[in-house]
Amino acid sequence: IVRMWIERGDATDDLSRQHYYRRAREAAERFGLSSLATAALSQEQRRPVTRDELQKIRTETPLDSLAVDWIEGFRHVESWQKALSRLLAFGPIAGSPSRVRSDIEHESTTHLTHLLNTTVFGPEDTVIAEIPAGSEGIEPRTRQRHGLNASTMGQVLAIGLETALETLGPADTEELEEFFANGPIMEPVVAAVFARAASHHTRRSYDEAVHISYPRIEQTIRSAARRIGVIVIKPPRGHNGGVKSLASVLADLEGALDESWRVTLKTLLIDPLGVNLRNIYAHGLSGLGSEIDSTLCLYTQVFLAHGI
């Protein structure tokens, strides 16, 4: 399985190759295959997505052209507030649910990989899913595609932030706190934490950025849901009540939140077939927080402050 992901990355010339190398590295680490984990990491670092590469392929698709122009725009930003605002330029990065599902439905009858059963492994060598071939596998493969979309766009967003860092230098926490505090649903304590996380990111302290941000991301989603009448606690059964899972809260937001954004939040935070940031870090199933994961957390923070 690990070799398959590495080979798939080696054979891929577009932005998705980093996703394959990451999958290989994560699988190797779960199985204790240190040499293969090192090989996957080496390929991931040897073949990063660069601005020059994006410039070279900009004429191939509208997305690549847009991405290059968007990244270059970070060279001219005047403040970190404006730089962070640019993260939402591509909208919900997991993609349109209807469009992604339509693509998977088409591929289910034409692509060889969709004609075979697929086993998806998760942390601690557990099997996350057995994806059946054909039409029965459309729903889980759609979720996987949302995850691939988000991971790929995470690479682009990270390059944009790195470009801003070259222009602006590390961010001032007070400036960032003002930016987050101006969000319509933001609580002061959350704005302060989001500002610290963003400041850590601009100092390349990605592990710190990830670990202080994701609990407040969940807090903000629960707070926003509560404001529109979504129940975020479980009614008592016998003597026990409790808090509803984040997955349940996001499910209950269907119809209340734009569906593309709701699916993007689900993909980024709690879907085992997606990026699954909240669960991976909350349960200690990852190594040090990465630049891409920190970028995706920061993207989520900006959406919750100014996009929801």
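Predicted model: local features only at pLDDT ≥ 70, side-chain atom pairs only at ≥ 80, totals over all residues.
Biologist: What share of the residues counts as buried?
Modeller: Buried means under 20% relative accessible area, exposed over 50%, and partly exposed in between (1.4 Å probe, protein chains only). Of the 308 residues of the protein, the buried share is 49%.

Biologist: What share of the contacts with a separation of 6 or more comes from residues 24 or more positions apart?
Modeller: Contact means heavy atoms within 4.5 Å. Among contacts in the protein with a separation of 6 or more, residues 24 or more positions apart account for 64%.

Biologist: At what angle do the axes of H11 and H15 cross?
Modeller: Axes are lines fitted to C-alpha atoms, for helices over the stretch in contact, and angles run from 0 to 180 degrees between N-to-C directions. The axes of H11 (residues 206-227) and H15 (residues 291-306) come within 9 Å. Their crossing angle is roughly 30°.

Biologist: Is the crossing of H11 and H15 left-handed or right-handed?
Modeller: A crossing is left-handed if the near helix is turned anticlockwise from the far one by less than a right angle, and right-handed if clockwise. For H11 passing H15, the crossing is left-handed.

Biologist: How do the residues of the contact of H11 with H15 divide?
Modeller: On the H11 side are Tyr206, Ala209, Val210, Ser213, Ile217, Thr220 and Ile221, and they meet Glu291, Asp293, Ser294, Cys297, Thr300, Gln301 and Leu304 in H15. Ala, Val, Leu, Ile, Met, Phe, Trp, Tyr, Cys and Pro count as nonpolar, Asp, Glu, Lys and Arg as charged, and the others, Gly among them, as polar. The division is seven nonpolar, five polar and two charged.

Biologist: How many aromatic pairs does a search of the whole structure find?
Modeller: Rings of Phe, Tyr and Trp (its six-membered ring) pair if their centres lie within 6.5 Å; planes under 30 degrees apart count as stacked, over 60 as edge-to-face and the rest as tilted. The search finds seven.

Biologist: Of what kind is the pair of Trp5 and Tyr20?
Modeller: Trp5 in H1 (residues 2-10) and Tyr20 in H2 (residues 17-30) are 15 residues apart. Trp5 is buried at 11% relative accessibility, and Tyr20 is buried at 14%. The ring centres are 5.7 Å apart and the planes are at 20°, so the pair is stacked.

Biologist: Of what kind is the pair of Phe180 and Phe194?
Modeller: Phe180 in H9 (residues 173-181) and Phe194 in H10 (residues 188-202) are 14 residues apart. Phe180 is buried, with a relative accessible area of 0%, and Phe194 is buried, also with 0%. The centres lie 5.6 Å apart and the planes are at 70°, so the pair is edge-to-face.

Biologist: Which residue lies over the face of Phe74?
Modeller: Phe74 forms one aromatic cluster with Trp70 and Phe90. A charge sits over a ring if NZ of Lys or CZ of Arg is within 6 Å of the ring centre and within 35 degrees of the ring normal. At 4.9 Å from the ring centre of Phe74, the residue is Arg86.

Biologist: Which residues does Asp271 touch, not counting residues up to four places away in sequence?
Modeller: Asp271 lies in the loop between H13 (259-269) and H14 (277-282). With 2% relative accessibility, Asp271 is buried. The residues touched by Asp271 are Arg143, Lys266 and Asn276.

Biologist: Is Asn276 buried or exposed?
Modeller: Asn276 is placed in the loop between H13 and H14. Its phi is near 65°, a positive value in a residue other than glycine. At 9% relative accessibility, Asn276 counts as buried.

Biologist: Which residues is Arg216 in contact with, leaving aside its neighbours within four places in sequence?
Modeller: Arg216 lies in H11 and is partly exposed at 27% relative accessibility. Arg216 and Val193 are 23 residues apart in sequence and 7.5 Å apart in space, C-alpha to C-alpha. The contacts of Arg216 are Val189, Val190, Val193 and Phe194.

Terms used. Residues numbered from 1 in each chain as written. Heavy atoms only, no water. Helix = DSSP H or I, 4+ residues; strand = E, 2+ residues; numbered from the N terminus.
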